[in-house]
Amino acid sequence: MGLLTYDTLLMRQVASVLANDFSILGPDGQPVGQVKTVGHLLKRLVMGNRELDVCELDGALVLKVVDRVTMGRDRMSIVGPDGSEIAELVQEITLFKPKVSIHMASGESLVLRGNLWERDFTVAGEAGGLATASRHFGSVMDMFIERDLYALSFTPGAAPEYRAAIIGALIGFDLMRAKQQPGFPWSS
């Protein structure tokens, strides 16, 4: 089974100062993929974690999240393994509930709406809800070092390009949140 075929994924953060990696687990808790921070170490020291690869367990690239350097609102590209753009994420200006627009390459727009405090979110398109995600802590130690576990549930039958965009949006949402933390050395 490929990563984009699961209706439920668990994404366990294994972040460090120089990486924003995740292990991706299937509904049975077995590994099915991974998110790896890529790019030169010096560039990451200066600019932060700007490129992340989402791969199958065997290392095959599924998608890439590229955090573009911008002035103002965060913008990220979600790119397929062939280099074609799947979607663009744009952080919207809101007061209490985070909102990210997901502009699909097909022209359709999706909206990721979140809960600032809980880090839960939903993704909906013109036809309705496509996915939900909620944050959990795996252990007490994970809670203290802010290592999150996201449970991501797709609407059964959601197309692979939506699943790819939503996985990329979850990673982008987490990266946007991290960049807003006090003391974070880099921003948009």
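**The core.** I began with the largest nonpolar core, which has 42 residues in this predicted model. The residues with the most contacts inside this core are Met-11, Val-54, Ile-102 and Leu-152. Then I checked where the core residues come from: helix H3 (residues 160–179) gives the largest share, eleven residues. My side note: in soluble globular proteins, nonpolar side chains tend to be buried together.

**Leu-110.** Leu-110 was on that list, so I went there next because I wanted to know: is Leu-110 buried or exposed? Leu-110 counts as buried, since its relative accessibility is 0%. Leu-110 sits in strand E9 (residues 109–114). Its contacts, again skipping residues up to four places away in sequence, include Val-100, Ile-102, Met-104, Val-123, Leu-130 and Tyr-162. I also checked Glu-126: it is 16 residues from Leu-110 along the chain, yet their C-alpha atoms are separated by 7.2 Å.

**Strands around there.** I followed the pairing next. Strand E7 (residues 85–91) and strand E8 (residues 99–104) pair in the antiparallel sense over five bridges. Ala-87 has Met-104 in E8 as its bridge partner. E8 also pairs with E9, antiparallel and over five bridges, and there Lys-99 stands opposite Arg-113 in E9. E8 and E9 make a hairpin with four residues between them. In the turn I found Gly-107, which has a positive phi of about 105°.

**Aromatic pairs.** How many aromatic pairs does a search of the whole structure find? I got two. In one of them, the rings of Phe-22 and Tyr-150 have centres 6.5 Å apart and planes at 45°, so I wrote down "tilted". This pair links distant parts of the chain, with Phe-22 in strand E2 (residues 22–25) and Tyr-150 in strand E12 (residues 148–154), 128 residues apart. Both Phe-22 and Tyr-150 are buried.

Phe-121 and Phe-173 also form a tilted pair, with 5.4 Å centre to centre and 55° between the planes. Phe-121 is in strand E10 (residues 121–125) and Phe-173 is in helix H3, so the pair ties together parts 52 residues apart in sequence. Phe-121 counts as buried at 3% relative accessibility, and Phe-173 is buried with a relative accessible area of 7%.

How values were computed:
Residues are numbered from 1 along each chain as its sequence is written. This is a predicted model: local features need pLDDT of at least 70, side-chain atom pairs count only at pLDDT 80 or more; totals for chains, interfaces and linings use all residues. Side-chain values use heavy atoms; hydrogens and water are left out. Helices (H or I, at least four residues) and strands (E, at least two) are DSSP runs, numbered from the N terminus. Buried means under 20% relative accessible area, exposed over 50%, partly exposed in between (1.4 Å probe, protein chains only). Contact means heavy atoms within 4.5 Å. A nonpolar core is a set of buried Ala, Val, Leu, Ile, Met, Phe, Trp, Tyr and Cys residues joined through side-chain atoms within 4.5 Å. Two strands pair if DSSP finds at least two bridges between them. Rings of Phe, Tyr and Trp (its six-membered ring) pair if their centres lie within 6.5 Å; planes under 30 degrees apart count as stacked, over 60 as edge-to-face and the rest as tilted.
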